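Please keep the sequence and the coordinates at hand while reading.

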Amino acid sequence: MLRPFKNRLFLLVIVTGICVLGYSRLRAIEIPLESLTPVRIGYIDLQRVFDTYPEKSYAEGDLLREIEKRKRELGRRQQDINTLRQQIAADEDALNKARLGQLVMVPANAIPEPAPEPIKAPPPPVTSSSTIPSSSTSTIKVSSATVPVVEPYPTDDPLAGLPGHDTAIPASNTAMPGMQGTAPPAPSELDLLAAATGPALLTPSAMSALEKRVDKNQSALKKAVDSFKTFRGNAVDDMKQLQTQKTYGVMAKIYAVLEDLAREEGITVVLDKAYVLYGEDTVDLSDKLISRLQVGEQ
């Protein structure tokens with residue numbers, strides 16, 4: 001025998017979903033109202049409240065910016081992978097022709113060499129007791145110790161008077177002692193062949209160098225593809241998590257304002273308008289809630 005619906009209410013639970021800052025309904029639970037008597041029921045158009053809440057637009061903008069960052073990074077990584085594939089294909093084609101004794105044009109190397117990491121200089125020691133006199137003196141007092149001030153680099157030749165050195169002042173474009181720059185590396189055999197104006201027969205050393213470049217780029221390609229897949233998977237998971245956090249954050253603010261409004265209006269239960277099929281003495285709180293949410297954002 002079916003139970004009567006008297007003094008009972010079927011309330012649909014609203015939970016956040018994984019759409020772009022939206023929500024979805026999952027299931028219903030039965031709530032007895034005997035303990036809530038007297039009951040005054042209100043309802044809101046939750047979808048309209050959610051869509052018109054300014055905080056939703058802000059959260060959605062933050063989410064889209066994070067998505068765009070990852071899209072740009074994925075595009076850059078995909079371009080690197082395409083460049084590696086094109087370089088490998090061109091090198092393998094030239095290598096196969098060279099093995100047959102044909103004249104070939106060595107492809108230019110489009111894969112830049114990784115730049116060496118700069119060496120960071122250690123920070124100068126700092127002591128809390130360091131004091132610098134306001135007047136110009138020949139010493140600086142640091143922790144009660146006297147340290148002579150380092151004079152600026154002399155304008156005359158510091159090696160003047162030593163055997164093999166004259167007393168002339170070095171020219172402005174002459175490197176100071178100990179500051180000579182390193183010469184750029186000599187171009188490789190493959191670079192010279194790639195810069196040639198016409199095809200040529202490859203020497204055994206050139207073929208060996210080309211084989212090594214193919215192997216090196218194939219290894220780099222595998223690492224790049226694996227890194228791309230890992231980054232893409234992490235990006236999807238991160239965006240789903242951020243999406244859920246943003247949605248929960250917006251809904252939490254809406255519920256907090258709704259709770260205060262319902263208490264002021266003497267409302268015992270608030271439903272989503274989408275599930276209200278019939279009801280007597282119900283109150284629509286949608287407009288009041290939207291007004292309060294917009295005022296709170298100003």
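A cavity, as the word is used here, is a set of points on a 1 Å grid over the protein atoms alone where a 1.4 Å probe fits but cannot get out, whereas a pocket is an open set of points with protein on both sides within 12 Å along at least five of seven lines. The structure to which this is applied is a predicted model.

**Enclosed and open spaces**

With a threshold of 30 Å³ or more, the count comes to 1 cavity, and the largest cavity holds about 30 Å³ of space. Its lining is made up of Val104, Val106, Leu193, Ala196, Gly198, Pro199 and Ala200.

By class, the lining of the second largest pocket divides into 11 nonpolar, 5 polar and 7 charged residues.

**Strand pairing**

Strands of a sheet pair through backbone hydrogen bonds, and the pairing may be parallel or antiparallel. In this model, 3 strands form an open sheet in the order β7-β3-β8, with parallel pairing. The edge strands are β7 (269-272) and β8 (283-284), each of which pairs on one side only. The two pairings that involve β3 (residues 41-44) are set out below.

| Strand pair | Sense | Bridges |
|---|---|---|
| β3 and β7 | parallel | 4 bridges |
| β3 and β8 | parallel | 2 bridges |

At the level of individual residues, isoleucine 41 has valine 269 in β7 as its bridge partner, while glycine 42 stands opposite valine 283 in β8.

How many aromatic pairs does a search of the whole structure find? The search returns 0 aromatic pairs.

Is phenylalanine 50 buried or exposed? Phenylalanine 50, which belongs to helix α1 (residues 46-52), has a relative accessible area of 0% and is therefore buried, the cut-off for that class being under 20%. Phenylalanine 50 and methionine 251 are 201 residues apart in sequence, yet their C-alpha atoms are 7.7 Å apart in space.

Lysine 71, by contrast, has its place in helix α2, and its relative accessibility of 51% means that lysine 71 counts as exposed, since that class requires a value over 50%. Lysine 71 and alanine 235 are 164 residues apart in sequence and 9.0 Å apart in space, again taken from C-alpha to C-alpha.

Definitions and conventions: Residues numbered from 1 in each chain as written. Predicted model: local features only at pLDDT ≥ 70, side-chain atom pairs only at ≥ 80, totals over all residues. Heavy atoms only, no water. 1 Å grid on protein atoms, 1.4 Å probe; cavity = no way out; pocket = protein on both sides within 12 Å on 5 of 7 lines; lining within 4 Å. Points joined across faces, edges and corners; volume = space filled by probe spheres on them. Nonpolar A, V, L, I, M, F, W, Y, C, P; charged D, E, K, R; others polar. Pairing = 2+ DSSP bridges. Phe/Tyr/Trp six-rings, centres within 6.5 Å; stacked < 30°, edge-to-face > 60°. Buried < 20%, exposed > 50% of the residue type's maximum accessible area, 1.4 Å probe, protein only.
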